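Please keep the sequence and the model in view while reading.

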Amino acid sequence: MTDQKKPDQATASEKPWGGRFSEPTDAFVERFTASVGFDQRLYHHDITGSIAHATMLAEVGVLTENERDSIIEGLKGVKEDIEAGRFEWSVSLEDVHMNIEAQLTNRIGITGKKLHTGRSRNDQVATDIRLYLRDEIDVIAEELRRLQTGLLGLAEREADTIMPGFTHLQTAQPVTFGHHLLAWYEMLVRDGERLQDCRKRVNVMPLGAAALAGTTYPIDRAMTARLLGFDRASENSLDSVSDRDFAIEFCSFASLLMTHLSRFSEELVLWTSAQFDFIDLPDRFCTGSSIMPQKKNPDVPELVRGKTGRVNGHLISLLTLMKSQPLAYNKDNQEDKEPLFDTVDTIKGCLKAYADMIPAIEAKADNMRIAAKRGFSTATDLADYLVKKGMPFRDAHEVVGKAVAYGVAQERDLSDMTLEELAGFSDTIGADVFDVLTLEGSVQARDHLGGTAPVQVRAAVARARKLLG
């Protein structure tokens with residue numbers, strides 16, 4: 001009985017590598033090992049790399065100029081078909097590279113088979129991923145910049161808005177809302193620096209390493225690197241095809257970025273609650289309840305907070321993928337793409353949501369001020385006042401602690417006590433004490449680089465804008 005070939009199942013001879021095989025790939029194995037379902041998003045970068053490779057091959061005499069031109073025109077036609085939705089992806093051709101090469105050969109004939117001279121899918125895919133990630137890093141950097149710009153605008157707008165600063169989520173000292181927002185901004189500055197540093201190591205070209213040992217053809221890797229905008233070609237062929245450090249480093253950046261966005265999200269969720277009621281998010285960034293008519297849920301911050309675990313998982317996935325691989329390329333590395341692609345998509349979406357949402361936040365200044373007056377937030381200012389009058393800090397700490405205990409019992413803030421009451425704890429306290437017990441006096445007194453004073457907030461915003469350009 002003759003075996004029947006199943007749909008989309010190539011015989012051994014139809015495979016680009018099928019010369020040494022005597023039977024077709026099992027149908028399940030063909031589907032199981034194929035990557036075209038997800039790596040087809042690399043088509044643009046695959047074609048870009050192939051055009052540069054063909055251009056170089058003609059320059060060094062491996063291809064004729066006519067062959068080069070035919071290949072380039074054919075690749076452009078393939079790209080047009082893909083972008084117009086006319087391209088039929090085949091699982092039997094395994095991946096984006098073989099699909100494009102097969103279609104190119106269908107278009108221009110045997111010349112299409114010469115394109116793969118001097119390279120392997122191993123260095124080809126490594127190059128494609130780097131080209132893809134480099135472009136995505138530039139998009140992400142711009143979205144990150146847009147979020148930073150929005151934060152600076154909101155911080156400047158709220159430079160005078162007083163709110164409680166917290167440690168252990170307990171009222172600590174008064175700060176301004178603008179100052180708090182600039183703390184978020186500083187996290188994003190570090191994220192941006194990490195992203196640009198990561199880009200340097202992404203922008204190294206592995207093409208020319210071939211399968212693992214280079215090629216006997218007289219290729220000019222420096223020329224190909226210039227054509228593709230890489231800073232340089234990689235140094236070692238074994239490392240070139242098996243290195244995925246750059247993807248892991250990007251996912252590490254992404255995990256830290258998402259950790260920061262998750263921290264922002266947690267505070268936004270708290271601040272929008274009835275218990276805090278510090279801010280209002282526009283309706284377009286929230287949803288309601290199917291049963292409780294009064295609900296306005298901060299779904300965007302909550303979802304960003306939740307997606308952090310997803311991105312962290314991708315980092316662990318890639319680290320685990322690479323931890324025991326011998327040199328050089330292994331099929332394991334096919335598993336690098338889905339975690340990387342999803343990480344890129346996730347952080348782009350989260351950054352867009354935040355960049356759109358942050359400038360639209362409305363601060364409820366009166367509620368913030370009322371909250372800042374609770375919890376004896378100016379107690380440290382009173383201790384500093386006593387120290388400036390000559391009292392040792394530890395003694396001042398004890399005096400203020402007793403005053404706070406009295407306030408707790410009386411349910412009154414320090415600023416609500418009379419001079420006589422305060423002086424009862426220390427005769428060092430005079431009428432000028434009320435200058436330091438006000439919320440405004442507290443934040444304005446911290447008039448130094450990095451301090452909470454509104455003038456310092458505005459100065460920090462100005463410096464940040466200058467650096468952003």
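## Lys 76 and Glu 73

Lys 76 is partly exposed, with a relative accessible area of 43%, where buried means under 20% relative accessible area, exposed over 50% and partly exposed in between (1.4 Å probe, protein chains only). Its partner Glu 73 is exposed, at 52%, and the two form a salt bridge whose closest N and O atoms are 4.0 Å apart; the term stands for a side-chain nitrogen of Lys or Arg within 4 Å of a carboxyl oxygen of Asp or Glu. Both residues belong to helix α4 (residues 65-84), where, being three residues apart, they are separated by about one helical turn; helices (H or I, at least four residues) are DSSP runs, numbered from the N terminus.

## Basis of the model

This is a predicted model, in which local features need pLDDT of at least 70 and side-chain atom pairs count only at pLDDT 80 or more, while totals for chains, interfaces and linings use all residues. Residues are numbered from 1 along each chain as its sequence is written, and side-chain values use heavy atoms, with hydrogens and water left out.

## Pairs involving helix α7

In helix α7 (residues 177-202), Lys 200 and Asp 197 are three residues apart, or about one helical turn, and their salt bridge has its closest N and O atoms 3.7 Å apart. Lys 200 is exposed at 53%, whereas Asp 197 is partly exposed at 31%.

Arg 201 and Glu 249 also meet in a salt bridge, at 2.7 Å from N to O. This pair links distant parts of the chain, 48 residues apart, with Arg 201 in helix α7 and Glu 249 in helix α10 (residues 245-272).

Terms used
Helices (H or I, at least four residues) and strands (E, at least two) are DSSP runs, numbered from the N terminus.
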